[in-house]
Amino acid sequence: MSSTTRTTLTLPSDQVAELRKLTDNVSGYVAEAVARQIRHQLLEDDLRRHEEEHGFLSGEEIAEARAKIFGSTGADAA
């Protein structure tokens, strides 16, 4: 497990109330949400750099990437 750092966050009260309904581990829940957001941002940055260097991805390239990520199901993913 990676090391942790204690920090203080300020969130709207209604969000905290909903978080506590969803989980008894608010820190873990928030850490997972932050990790997911960081991954999305890094992927977005990579995609932007790729498109700047090579142009936009074609529909065929997107379909190929989806197949590699999600597996080929024989049906088009929406």
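A search of the whole structure finds five salt bridges. A salt bridge is counted when a side-chain nitrogen of Lys or Arg lies within 4 Å of a carboxyl oxygen of Asp or Glu. The model is predicted, so local features need pLDDT of at least 70 and side-chain atom pairs count only at pLDDT 80 or more, while totals for chains, interfaces and linings use all residues. Residues are numbered from 1 along each chain as its sequence is written, and side-chain values use heavy atoms, with hydrogens and water left out.

The protein has three helices and zero strands. Its pattern along the sequence is α-α-α. Helices (H or I, at least four residues) and strands (E, at least two) are DSSP runs, numbered from the N terminus. Helix α2 covers residues 26-54. Its 29 residues reach 42 Å from first C-alpha to last, close to the 42 Å expected at 1.5 Å a residue. That expected span is 1.5 Å times one less than the number of residues. G55 follows α2 and has a positive phi, near 90 degrees.

The radius of gyration of the protein is 19 Å, whereas a compact globule of 78 residues would have one near 12 Å. The radius is taken over C-alpha atoms, and the globule rule is 2.2 Å times the number of residues to the power 0.38. Along its principal axes, the C-alpha trace spans about 45 × 30 × 30 Å. Buried residues make up 3% of the 78. Buried means under 20% relative accessible area, exposed over 50%, and partly exposed in between (1.4 Å probe, protein chains only).

Opposite charges on side chains can pair when the charged atoms come close. In helix α1 (residues 13-22), E18 and K21 are three residues apart, about one helical turn. Their side chains meet in a salt bridge of 3.1 Å, N to O. E18 is partly exposed at 40% relative accessibility, and K21 is exposed at 62%.

Helix α2 holds D45 and R48, also three residues apart, about one turn. These two side chains form a salt bridge of 3.2 Å, N to O. D45 is partly exposed at 21%, as is R48 at 38%. A network of salt bridges links E44, D45 and R48.

In helix α3 (residues 59-70), E64 and K68 stand four residues apart, about one turn. Their closest N and O atoms are 3.4 Å apart in a salt bridge. E64 is partly exposed at 44%, while K68 is exposed at 66%.
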